[in-house]
Amino acid sequence: MTPTRKKRLTLVGLIVLGVSAATVVAITALQDNMLFFVTPSDVQAQTLPPDRQIRLGGLVADGTVSRDPDSLAVTFGVTDGAHDVMVSFNGILPDLFREGQGVIAHGHMDESGVFRAHEVLARHDETYMPPEVMRALEKAGHPIEASMPQ
Amino acid sequence: MIAEFGQVTLILALVLAVLLATLPLYGAYRGNETLMRLTTSLVIGHFVFLAAAYVALSAAFLNHDFTLSYVALNSNLLLPWYYRLTAVWGGHEGSLLLWMLMLGGWMLAVAAFSRTLPREFVARVLAVMGIVSIGFLLFTLLTSNPFDRVLPGPTDGQDLNPLLQDPGMIVHPPLLYMGYVGFAVAFGFAIAGLLGGKVEREWVRWARPWTLSAWAFLTAGIALGSWWAYYELGWGGWWFWDPVENASFIPWLIGTALLHSQAVTEKRGSFPAWTVLLSIAAFSMSLLGTFLVRSGVLTSVHAFANDPERGLFILIFMAIITGAALLLYALRAPRIMTGPGFDWMSRETMLLINNVFFTVSAAMVLLGTLYPLIVDFMGWGQISVGPPYFGAMFILLMTPIVILLPLGPFTRWKQDEVMRVMRPLVASAAVAIVLGLVISAALGAWSLRAITGWVGGIWVMAGAVAWALRQARSTRSGLALHQWGMTLAHFGVGVFLIGVAMVESMTFERDMRIEPGQTVEAAGYQFTLHEVAQVKGPNWRAEEARFTVHRNDREVARMTPQKRLYHRGGQVMTQVALRPGITRDLYIAMGEELDPASGAWSIRIHVKPFVRWIWGGAALMTLGGLVSASDRRYWRRRRAEARQAEKTAEVPA
């Protein structure tokens, strides 16, 4: 092997090594930061480990939003038509948060079966419904027509 | 009437695009001068018809022509005229029209500025871009026609999404599209190069200013999007690793790698095949970005209503364009010359490292963005990938880039010695460490992130300055424009780094309950709420909180965040109050009324240190890209060279 070839081979080897290392790290990081999407029915069906971070999606159940007048604490029910889960959140809810609307909450289930959210996302657009929520509702047997304008 | 006119011009533009994609290509193939001469007229016609369609749609918006369903959905009688004009690209159909207008504009620019280039080469470039245009015109006419009529039309329209009723929105999409579409030029050059079997070094040099400007526009577009999200979405973040953001960031990363590999190919003739591949990848990723944003396959915080059928169309189009390009690449790659060899320690190696890290970063963002899709498709459940994944990967991948960046420009081509490269940078390194520690201490930012940010940022900035100074001393004429461009852009990287490190480590951020008359303390500032009043705008009314902000008993700002209710769509919008500053931003967003009796509101207060540096750094990078692109060395083509090119220009068999 000529020196040039040897050098090139080492270079290619190093790049391959680096890229594989990056891939391994990437996959590991990916596994650690995966957030599973669950519906209230999923919550009902299986007991999730209490510290597992998940995304809970569904509609804000009518008449369940209750605020504490002295702090930012708020609780509301999330429903997929079949089951409900209570969510507690401490902070400012998004502008488009409303009863009967699609919502996604990030957080975990606590021991008492309440979902502790650290982030609540609502839709961003009048006609937009998070696809997961839409499918969750269909799965639970309560599909809703996406409210089209006009 | 005007809508039908727009419809007709769109169809005419399609006809011209078809002619453009075929005749000059055939002409270049047969060496037919007459057919190649048609290119310029076709490009002008194509642009004029697209512009006419665009003007027609704008006119429909200005005249409140609600019989067009696109107008009815995105505008109403109360919308001020300037938002009616920007509402043209407020939705899917119109933004596609803007996309195509940009493409037409870039093609016009290529035709105008490439008169010194070989005729058949320009004909091929513009024909390839014509093919891209056909795809998008068909897409528009078949699946998303902005001129669709609904008769009888409603008396009033819906509303432009209030999020988009904002000055930032006027410039963000056009700039972003300028960047996206600009990569079509680099793509066209690469394909034309492959078709013509030309010497890579030549066309790569011609492609450089186009790539640089596209990259600069993309940088500006992404930065503006980040800035817009910061003050408009009311969360106070500057980057969310949202799929839609990633969709624009992946082409940026590939584009950055492309810029640097083009430099090697142009100067030394090395990595020609890699440069071609990156040119194809940059544009493919732009198409993928368009697909991700427009198809709605991804859950995104700023996904808007969309349609899977449209996504499928773009996906197929992308597959055809990329597949054909890669096939051509595979056929022609063996004919691409390999460049001269180089040593371990050389500018080539430095730029190679740059390329490896940037492409790996792009692959990593792509993986994180598409992974949920793959998992869902395989039926393994519905997941999303959290921002910590991207954050961790970026720290890992960008650290070597930051450490090596100042060394790159100091390294000689072909061969160099480590000690020779390090020597002029010893001072920069010392300055970076000392100054970085002193500043962190002075600001009380004693965290690992902040300190690394300052040391790394100053190292990059000092390295850029040291290089510029040495260059200025060694040549009598001073720095050339492209060298100024590089220095500015690299300096901008340092500024950006400091901004990110400070914001990520030192931000004060709290949601709180506050009553009128109450004062809250935040990061050394006292925020006092005086009252919450009712105010009115042209198409909204709002509750406005009136704050004064004090520091050390001196008033620094009066701030009035609002909670707006838009009449027409009934949408609620948070209007953030911002007090920008070089070293910190004050930020107040209103939540909701908690207790009508006491007038208590939930309020989000942020004090964000050095957040402006993030966009300042991006602005410097943009400026650097544009300055570089304007260097005449890319445009000048000496007569002797022209004659030489004429001689070597071969007609492919």
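## A helix pair in chain B

H5(B) passes H6(B) in a left-handed crossing; that label applies if the near helix is turned anticlockwise from the far one by less than a right angle, with clockwise counting as right-handed. This is a predicted model, where local features need pLDDT of at least 70, side-chain atom pairs count only at pLDDT 80 or more, and totals for chains, interfaces and linings use all residues. Residues are numbered from 1 along each chain as its sequence is written, while chains are lettered from A and ligands numbered from 1 in the order in which they are written.

The axes of H5(B) and helix H6 (residues 119–143) of chain B come within 10 Å and cross at roughly 165°. (Axes are lines fitted to C-alpha atoms, for helices over the stretch in contact, and angles run from 0 to 180 degrees between N-to-C directions.) That makes H5(B) roughly antiparallel to H6(B), a label for angles over 145 degrees, with under 35 being roughly parallel, 65 to 115 roughly perpendicular and the rest oblique. On the H5(B) side the contact includes Leu96(B), Trp99(B), Leu103(B) and Met107(B); H6(B) brings residues including Val125(B), Met129(B), Val132(B) and Phe136(B). Contact here is C-beta atoms, placed from the backbone, within 7 Å.

## Lengths and burial

Take helix H5 (residues 92–113) of chain B: at 1.5 Å a residue, its 22 residues should span 32 Å, and the end C-alpha atoms are 32 Å apart, which agrees. (The expected span is 1.5 Å times one less than the number of residues.) Because 17 of its 22 residues are buried, H5(B) is largely enclosed by the rest of the structure. Buried means 20 or more other C-beta atoms within 10 Å of a residue's own, exposed means 12 or fewer, and partly exposed is in between, with C-beta atoms placed from the backbone.

Helix H7 (residues 167–196) of chain B has 30 residues that should span 44 Å; its ends are 45 Å apart by C-alpha atoms, which agrees. With 25 of those 30 residues buried, H7(B) is also largely enclosed by the rest of the structure. Next comes Gly197(B), with a positive phi near 60°.

## Over to chain A

Chain A has 3 helices and 7 strands; these are DSSP runs (helices H or I, at least four residues; strands E, at least two), numbered from the N terminus. Of its 150 residues, 33% count as buried.

Its pLDDT (the predictor's per-residue confidence, from 0 to 100) averages 78, and 77% of the residues score at least 70. Over residues 145–150 of chain A the pLDDT is below 50, and this stretch has 8 contacts in the model beyond near neighbours in sequence.

Key: Two residues are in contact if their C-beta atoms, placed from the backbone, lie within 7 Å.
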